[in-house]
Amino acid sequence: MNKPITKFLSTIVLSIAFLSITTTAFATQKISIKKQNSKKEVSLIVLGEYVVTMNDDQMVIKDGAVAVSGNKILAVGSRKGIEKKYQSSKVIKGESKILMPGLVNGHTHTAMTLFRGMADDLELMTWLSNYIFPMEAQFVDPEFIKIGTRLACWEMIRGGTTSFVDMYFYPEVISEETIKCGLRGVIGSASIDFPSPGFEGWGDSFKHAVNYVENWQGKHERITPAFAPHAPYTVSPAHLKQVADKARELNAPITIHLAESLTESETIKKQYNSTPVQHVYDQGMMDGIQLIAAHMVHPTSDEIKLVSGKTVGAIHNPTSNLKLASGISPVAEMLKSGALVGIGTDGAASNNDLDLWEEMRLAALLHKVRENDSTVLPALTALKMATSMGAKAVGLGDVTGQLKSGMRADMIQVSLDDLRLLPLYDVISHLVYVVDSNDVTTTIVSGELLMENKKVLTIDEVELKKLVRGKADEMARALRE
């Protein structure tokens, strides 16, 4: 064979080989792209060195992740498993982080942050009658509520609280501010038998509460409107029954101060020959209604049986109860009876902050002393009271409190970077006995990022400081007069 033909045939062979290699490479690339594109696109992926789900089936996942689609959790699992199935343009890294459900504050008065430190070291009724009620009458208006609620929202976002139960005036303003800041709220419209901010008495305050609940039901997925009769010693039996009937009709929750102090118990005994929880029960407030009973410091053993196994949540507020010398709630007995117990801060006027980490730790320690038993209220139980059980206690158990597919994407990241958090042997114990609000780095509610790298994203801090200081100066002048 001559040289030209040999050269021609070699060229053909090389061309065929190149074409074969190119075709194979292209096919391999197509398969690779196809495999890559087979991952489901999600709105957010959040990682954690530890993922604390608060789900008894798998409480802690080491090197885990959560995939979020819209406002719901799509999947929870190992980081490798989640990254194999899902992809997102937004991935929040999890090195040296605990990823867990956001905390649930079962009882507070958000706007009362503006009364923080105004009157301390006083007996409950003196504190209310001589300071709180008069200052509310003078200063509480929509502007006060807006500023105070925004301040509370900032504090809760910064500390990892993602849901709260509120009881105060101008609930529409509280609801709007809650929507703007991004949190989830059960917002109670306060009603009381005597004049209060914006109202002459029971008639107009209860009418307003009914209108608020009717208008806000289903209006926003993060707002649950509720009735909020103040307490059995400030609302008559007939009016308590009126609230119960309307709440049942509208399928709306009720939040109320209940069995908070010995003075309350004495008043109910004197006026109605009953005890606070029994008295409220007799008005039908536990009959097919989600009742959020704040404090529950002085229930009798028979009354504890009344609230067990029902749609009643007892909200423990240890700091406020200690500061006002109201007493120590029988939490261990309530838990043993099967009652749902959550944790609350109460308002900043009687706490004086909205830090649920403090409440968790204090609850876990306080009841060991009360019961003279160091095994009472272990860390996991305290954590449940602030997350999964706390959510059930306020009627949000199907919505939040766990990292679980189908639940709302309410979660936080807690940093483990600080040296004071080392060594780490038990992540649940650490969350209750070591971690504090300053360790929270990320806050997410309904899939929306409210805080990242300890920076609150939904509130202008500079403007808020100016508004708070202006209002505080105005109230300080009134106190001096």
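Helices (H or I, at least four residues) and strands (E, at least two) are DSSP runs, numbered from the N terminus. The structure shown is a predicted model, in which local features need pLDDT of at least 70, side-chain atom pairs count only at pLDDT 80 or more, and totals for chains, interfaces and linings use all residues. Residues are numbered from 1 along each chain as its sequence is written, and side-chain values use heavy atoms, with hydrogens and water left out.

**Figure 1. The chain as a whole.** The chain comprises 17 helices and 19 strands. Its C-alpha atoms fill a box of roughly 125 × 50 × 45 Å along the principal axes. Of its 481 residues, 55% count as buried (under 20% relative accessible area; exposed is over 50% and partly exposed in between, with a 1.4 Å probe and protein chains only).

Figure 2. The bond from Leu422 to Pro423 is cis, with omega near -5 degrees. Pro423 belongs to the loop between strand S16 (411-415) and helix H16 (427-433).

Figure 3. A cis peptide bond, with omega about 20 degrees, joins Asn351 and Asn352; Asn352 is placed in the loop between strand S15 (340-343) and H13. Asp355 caps the N-terminal end of H13, a side-chain oxygen lying 2.9 Å from the backbone nitrogen of Trp357. This is a polar contact, defined as a pair of N or O atoms within 3.5 Å; within protein, one must be able to donate a hydrogen and the other to accept it, and residues adjacent in sequence count only if both atoms are side-chain atoms. H13 (residues 356-370) has 15 residues and reaches 20 Å from its first C-alpha to its last, close to the 21 Å expected at 1.5 Å a residue (1.5 Å times one less than the number of residues). Its buried residues include Trp357, Met360, Leu366 and His367. Just after H13, Asn372 takes a positive phi of about 55 degrees.

Figure 4. Most residues other than glycine have a negative phi, and most peptide bonds are trans. Ala259, in the loop between strand S12 (254-258) and helix H8 (262-272), has phi near 50 degrees. Asn273, in the loop between H8 and helix H9 (276-282), also has phi near 50 degrees. Ala259 counts as buried because its relative accessibility is 0%, whereas Asn273 counts as exposed because its relative accessibility is 59%.

**Figure 5. Surroundings of Thr387.** Thr387 is found in the loop between helix H14 (379-386) and helix H15 (388-393). Thr387 has a relative accessible area of 0% and is therefore buried. Its side chain reaches the backbone oxygen of Leu383 at 2.6 Å. Not counting residues up to four places away in sequence, Thr387 touches Met54, Met100, Pro101, Gly102, Leu103, Val104 and Gly401, where contact means heavy atoms within 4.5 Å.
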